Amino acid sequence: MERPLEIVVASGKGGTGKTTVSAFLLSFFSLSNYDAIGVDADVEAPDLIIALGKYKEIGKEEVIDSPIATINYNRCVSCGECLNACQFGAIEWMSKPVIISELCEGCGVCEVVCRYGAVKYSYVKTGDIIIQDTKYGLVIMGQLEIGRKHSGKLVEMLKERARKYTKNNSIIIVDAAAGTGCPVISSIVGSDYLIIVVEPTRQSIRTASKVIEIGRHFKVKIGIVVNKWDLNPDFKAKIEAWADEKKVEVLGYIPYDKSVIEAYVNMSNLLDFAPKSKATEALINIYENLVDVLRREGYLK
Amino acid sequence: MNVISVGGGKGGTGKSTIAVNVAILLSKAGYRVLLVDADVESPIDHIMLGLERKKQKSVTAFSPKINAEKCIRCGVCIEKCPEHALIGLTNRVPILLKDLCEGCKLCFFVCPVGAIEDEGRNIGAIYEGENYGIKLIQGEVFSGIKQHVNVSLATIRYAEKFFEGYEFIVIDSPPGTGAGVWLPLIRSNIAIAVTEPTPLGASDLKRYLYLTNKAKLRTITVLNKADIPGGAKKIIYKIAEEFNSSIIEVPYDPLLMNAYVNEKPAVIMYPDSEGVKALMKLSELLINEL
């Protein structure tokens, strides 16, 4: 392989089972003699290593790359130009303009519009990149400073780091954040295959449709995994019709299975904890379908 | 006027279920209630309320259009664009890569000859609806648009105009701890942190409580699905204590899931269920506190 195969797991709505599916794929690819590398791109709520069982931190790197505006009130004349120019609502009027650092994108507009040279930029910590060693390969995880923006930037850096560790048989699994925003787009850009994990509800299908649109836009092949499908079995036909209409493949159905939570509780991987459970069986089936698809598309030999 | 932020970090813990049902319970208690769905990336409260939402407003962001006659090909906009969304070839008008543009408007301000105009870009919409006695205001960002924060901001600012007319404003926040969570928090006077008793729920709760603490907000932690064998109940109590947050438990109740699947609020469909009883305690607590 010239470059590693990159698979992203996303969902739209949160809590559908992205991390469970990502962890399982990592373990199964690893057992099938691939060099599996995980990227936890849910930098506001990173949980992938918890789902993989035991882990050990082998490297940590601080990323200081978030520009934040500050106002020098000795120079500020409270003209309000900066407040009017900021497109992100990051400056509020509290008897004088005040920067809300949690909302500041660091774009530089306030500095440019200030005629009194009262705005300066400084770089603050974006977050950490942590390399974890697990039984089933390396996981590159990001931890965004709480309340910091630039999650997309951190995700791009995570993917870059992961590519540095790749060998000739590497497969990168990116566990994306919930939603359809910047970090999810950064996760999807440049990847080969997108798995969308849905639940059997209209709420989930609706948000997943938006992720499909993003995948389409970046010309990524898409497959659907239906988690906890038997909680609403009547919905199965609707999901199939929806997948047909969107022209995406259904990779498989996972039943609701308490073993999934029990594995977390025991700080274990689902595959180790409950190798014969209904969920494991379904996930193996999904893995096999995925490998078939990847072969058919020419990504795997 | 009381503004309640409903968040919690992890996705799928029940934020929307809690927000929608508590809003209805407060309304049943005789208060005027406004529900704001600020999870602009995955808004679903209209489905949970079983209503047809009506579009009220488009959300637009700045989008540069370069006037070729005025442009002197100086390259300043290309050099300054923080997203590298403008590219230029020698002696050519810069080209905009729309996918990268965040609409910060810096190019507009740095252009020395005023060659950059605002073409405007539709990035989302704001909707309204009404059912079960509560009004819903909901924002949604269009697929593939990076500027979800602009849509969150526009939604909250739009909703703020209505705040005065209500006794309770419940804001359903997105998962995570980003700007979309912070925007509602700084406008709230109480926060509800919805979590579940799993190690994942615990680790995300901690990040969320850090944020509510920073905003100096009193926070009630709602331990949803409290009796599932998640193994992290003790840890969650410890985290809540560490951040001075009280805890209310909502038991795992298949009827809540059933209501969710049927797109009807549990307080309407199963008013006597165990889950709803716990939610009533929460709404009573909110009424007493505020």
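Visitor: Does B:Asn244 count as buried or exposed?
Guide: B:Asn244 counts as exposed, because its relative accessibility is 70%; buried means under 20% relative accessible area, exposed over 50%, and partly exposed in between, with a 1.4 Å probe and protein chains only. This is a predicted model, in which local features need pLDDT of at least 70, side-chain atom pairs count only at pLDDT 80 or more, and totals for chains, interfaces and linings use all residues. Residues are numbered from 1 along each chain as its sequence is written, chains are lettered from A and ligands numbered from 1 in the order in which they are written, and side-chain values use heavy atoms, leaving out hydrogens and water.

Visitor: Where is B:Asn244 found?
Guide: B:Asn244 is in the loop between α8 (233-242) and β13 (246-249) of chain B. Helices (H or I, at least four residues) and strands (E, at least two) are DSSP runs, numbered from the N terminus. B:Asn244 is not a glycine, yet has a positive phi of about 60°.

Visitor: What about the phi of B:Glu263?
Guide: B:Glu263 also is not a glycine and has a positive phi of about 60°. B:Glu263 belongs to the loop between α9 (254-261) and α10 (266-269) of chain B.

Visitor: Turning to helices, at what angle do α1 and α11 of chain B pack?
Guide: Helix α1 (residues 15-28) and helix α11 (residues 274-289) of chain B pack at about 65°, and their axes are 9 Å apart. Axes are lines fitted to C-alpha atoms, for helices over the stretch in contact, and angles run from 0 to 180 degrees between N-to-C directions.

Visitor: Which residues make that contact?
Guide: From α1(B) they include B:Ile18 and B:Leu25, and from α11(B) they include B:Met280 and B:Leu286. Contact means heavy atoms within 4.5 Å.

Visitor: On to chain A: in what order do the strands of the open sheet run?
Guide: The 9 strands are ordered β3-β6-β7-β2-β8-β1-β9-β10-β11, with mixed pairing. Two strands pair if DSSP finds at least two bridges between them. The edge strands of chain A are β3 (55-71) and β11 (249-254), each pairing on one side only.

Visitor: How many bridges join β2 and β7 there?
Guide: There are 3 bridges between β2 (residues 35-40) and β7 (residues 137-144) of chain A, and these strands run parallel. A:Gly38 stands opposite A:Val139 in β7(A).

Visitor: Which strands does helix α8 of chain A touch?
Guide: Helix α8 (residues 236-246) of chain A packs on the sheet and touches β9 (193-198), β10 (221-227) and β11 of chain A. The direction of α8 makes about 160° with that of β11(A).
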